[in-house]
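Let's take a walk through a protein model together, one stop at a time.

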Amino acid sequence: MKLHEYQARDILARYGVPVTGGGVATTPAEARAIAEQIGGRVVVKAQVFVGGRGKAGGVKLADTPEQAEQVASQILGMNIKGLTVEKVLVAEAITYERELYLGAIMDRSLRRIVMMASAEGGVEIEEVAKTNPQAIVKVAAHPMLGLLDFQARDLAYGIGLTDAKQARQFAQIAMALYRAYMDVDASLAEINPLVVRADGSLQALDSKIVLDDSGLFRHPDLEAMRDASDEPEAEQRAREAGISYIKLDGNIGCMVNGAGLAMATMDVIKLYGGEPANFLDIGGGAGKEKVKTALQIILSDPNVKAVMVNIFGGITRVDEVAKGIVAALSEVKTDVPMIARLVGTNEEEGRRILAESALIPAATLAEAAEKAVQAARSR
Amino acid sequence: MSILVDKNTRLLVQGITGREGEFHTRQMIAYGTNVVAGVTPGRGGQTAIDGKVPVFNTVAEAVKQTGANVSVIYVPAAFAPDAMREAAAAGIPLIVCITEGIPANDMVATYAFIRECGARLIGPNCPGLLTPGQAKVGIIPGNIAAPGPVGVVSRSGTLTYEAVDALTRIGLGQTTIVGIGGDPIIGTSFVDVLEMFQADPETEAIVLIGEIGGAAEIDAAKYIQAHVTKPVVSFIAGQTAPPGKRMGHAGAIITGGEGTAQEKIAALEAVGVRVARLPTDIAQLVKESL
């Protein structure tokens with residue numbers, strides 16, 4: 001789950017990361033009030049889950065509270081890459097000399113949390129990794145002791161901070177970022193840019209936190225911060241029903257059991273010249289209700305011209321799934337052609353049950369994909 | 001022969017009195033697995049599975065009383081890291097964690113602790129292990145497998161069953177089927193299992209089923225080039241997966257343009273691995289390479 005910049009910065013501030021003063025506004029009047037409180041120059045930043053806000057006109061400076069109100073009225077309601085801006089962060093605008101980068105991320109191969117720092121801040125770290133990888137300094141936190149003070153200092157010296165006071169402050173911020181990362185169960189936490197001011201002090205200008213969905217069960221306060229505005233309604237509904245669903249741009253809906261098989265099914269559709277409309281994993285042992293909800297979600301996408309059902313019954317018996325599909329179809333009325341391939345435990349019985357329904361049977365994965373692509377084309 | 005589990009496996013089930021644990025323990029026993037003990041804190045002294053399996057409060061007690069040498073874990077995500085640590089501390093050398101949804105950061109210290117105890121972890125978020133005709137540890141359906149010369153290792157569940165089912169149907173049985181799990185941090189990697197299959201005299205060919213996210217398949221390709229002489233057939237799921245979206249498995253996500261199916265397929269093909277276009281084609285490719 002992604003957090004907005006203002007949410008991430010509030011969390012980091014609690015850990016002692018120096019962030020700029022300010023607050024979040026949903027109306028131009030609120031933006032003006034915050035600007036008045038700050039006094040002086042402010043920056044008004046759109047709070048949306050997309051990169052490149054600045055280039056899209058979603059970040060603007062204002063010299064007076066009146067100007068802040070004015071730019072906030074321009075930014076609020078603005079559409080950035082398909083997302084409507086509903087909130088702006090109004091923060092003190094500061095001058096600075098250099099931009100640095102500091103981030104915490106999981107390194108899957110090392111099986112450790114890695115802290116990354118770079119003297120080239122303000123650009124995406126992936127970009128730096130491609131163009132100038134030696135500019136990035138990394139340390140892996142100890143799996144049990146966590147990030148150690150000397151490692152945090154190594155980061156500071158590694159990116160060329162030679163002033164003792166500045167290096168110390170950088171190390172403190174690194175320790176704070178690591179603690180915040182662990183405490184909130186993040187999968188990514190970064191400060192970019194972390195700027196160097198004229199007096200040598202450091203300040204976090206933009207921050208980003210992505211939470212590990214698996215950790216949310218112990219953070220109801222963070223779950224409450226969820227902004228589902230960038231999540232399509234169908235994905236939200238699926239999440240609440242315990243179904244993994246991701247909407248894609250194609251026209252062949254897929255209903256599959258198992259994440260790996262669901263991905264493979266999309267790939268096979270593509271291989272046969274079609275385009276998958278979604279990823280959908282109904283999970284193990286899915287009963288009638290879940291199958292029904294899954295079908296409703298797939299069909300809620302108006303692009304869907306055919307549905308391919310691909311079930312491999314292991315411990316889940318195929319005849320049980322078939323019964324679920326038939327029962328679901330009796331309640332979800334549709335004229336979208338549905339192709340079903342059911343293999344595994346009790347498959348003969350499963351096929352017999354489906355033969356009495358409107359589903360088009362397919363014996364193999366290839367045949368199912370071919371039939372689905374044909375069906376979608378002829379509509 | 002086989003790897004990891006066999007007739008000599010003395011299995012302990014952590015979470016045996018839970019719904020999942022009980023259901024799958026029945027399946028494992030029906031398959032012929034030697035389930036010697038169960039652990040559920042607070043239920044020590046009772047029995048489970050119609051009186052067939054003694055239940056203990058702690059793993060240490062279960063090991064002492066029954067000589068359990070493999071543990072399989074079916075406890076909820078919030079308690080699974082502790083269950084893994086308890087098994088490792090009790091001296092169980094092989095721990096298989098089926099549980100899905102464990103916070104990834106919890107696995108950092110847990111993995112380090114398990115290694116420190118000298119144990120091997122399979123999973124979490126995996127279907128477990130199956131040595132056809134000998135032992136089933138986890139949730140892989142036993143009826144689709146048969147003994148034979150093919151070693152199977154995979155990050156996925158049902159996709160593996162597809163491949164195994166197709167292998168069995170064309171007459172190619174399996175030495176051992178290993179589901180390593182779909183989470184970002186897992187105890188045993190492709191490379192670890194490749195090493196075991198390469199060393200196992202009965203394994204004549206290896207099937208490796210990967211997916212988007214991370215670099216485990218790239219590491220596997222490097223290892224195959226340097227150390228594996230047996231034919232390897234692969235399938236990588238997620239060629240059509242959009243970047244930045246988690247495809248069901250917590251670990252199946254393309255981040256910063258890295259971990260795509262395309263780069264993994266290219267890396268594997270470059271070292272002579274035959275990569276199937278359809279998961280159901282895997283069996284035919286294995287047949288051709290034997």
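One thing to keep in mind before we set off: this is a predicted model. Let's begin where the two chains meet. Across the interface of chain A and chain B there are 13 residue pairs in polar contact, counting pairs with both residues at pLDDT 80 or more. Which parts of chain A do the touching? The elements giving two or more residues to that side are strand 8 (112-118), helix 6 (164-183), strand 10, strand 13 (244-247), helix 9 (259-271), strand 16 (306-313), strand 17 (338-344) and helix 13 (365-377) of chain A. If you want one element to look for, pick helix 9 of chain A, which gives the largest share of that side, 10 residues. Sorted by class, the side of chain A that touches chain B has 25 nonpolar, 12 polar and 12 charged residues.

Chain A brings 49 residues to the contact and chain B brings 62 residues. Together the two chains bury an area of about 4,100 Å², and carbon and sulfur atoms give 63% of that. There are also four salt bridges between chain A and chain B. One of them pairs B:D106 with A:R218, and their closest N and O atoms are 2.7 Å apart.

Take A:K247 and A:D301, whose closest N and O atoms are 3.5 Å apart. A:K247 sits in strand 13 of chain A, while A:D301 sits in the loop between helix 10 (288-299) and strand 16 of chain A, so this pair ties together parts that are 54 residues apart in sequence. A:K247 is partly exposed, at 32% relative accessibility, whereas A:D301 is buried, at 5%.

A:R379 forms a salt bridge with A:D335, with the closest N and O atoms 3.8 Å apart. The two are 44 residues apart: A:R379 is in the segment after helix 13 of chain A, and A:D335 is in the loop between helix 11 (318-331) and strand 17 of chain A. A:R379 has a relative accessible area of 45%, so it is partly exposed. A:D335 counts as exposed because its value is 62%.

Time for some strands. Strands of a sheet pair through backbone hydrogen bonds, either parallel or antiparallel. In chain A, strand 10 (residues 186-196) and strand 12 run antiparallel and are joined by five bridges. Look for A:A189, whose bridge partner in strand 12 of chain A is A:I209. Why is strand 12 of chain A (residues 207-211) largely enclosed by the rest of the structure? Four of its five residues are buried, so that's how it ends up.

Over in chain B, find the open sheet of seven strands, which has the order 9-8-11-10-12-13-14 and mixed pairing. Strand 9 (135-138) and strand 14 (274-275) of chain B stand at its edges with a single partner strand each, so one side of each has no neighbour in the sheet. Within chain B, strand 12 (residues 205-211) and strand 13 (residues 232-237) pair in the parallel sense over six bridges. In that pairing, B:G210 has B:I236 of strand 13 as its bridge partner.

Our last stop is B:S154, in strand 10 (residues 147-154) of chain B. With 0% relative accessibility, B:S154 counts as buried. What does B:S154 touch? Leaving out residues up to four places away in sequence, its contacts are B:T160, B:V178, B:G179, B:I180, B:G181, B:F190 and B:I209. With B:T160 there is also a polar contact of 2.7 Å between the side chains.

How values were computed. Residues numbered from 1 in each chain as written. Chains lettered and ligands numbered in written order. Predicted model: local features only at pLDDT ≥ 70, side-chain atom pairs only at ≥ 80, totals over all residues. Heavy atoms only, no water. Buried < 20%, exposed > 50% of the residue type's maximum accessible area, 1.4 Å probe, protein only. Pairing = 2+ DSSP bridges. Contact = heavy atoms within 4.5 Å. Buried area = accessible area lost by both parts, 1.4 Å probe. Salt bridge = Lys/Arg side-chain N within 4 Å of Asp/Glu carboxyl O. Polar contact = N/O pair within 3.5 Å; in protein donor to acceptor, adjacent residues only side chain to side chain. Nonpolar A, V, L, I, M, F, W, Y, C, P; charged D, E, K, R; others polar.
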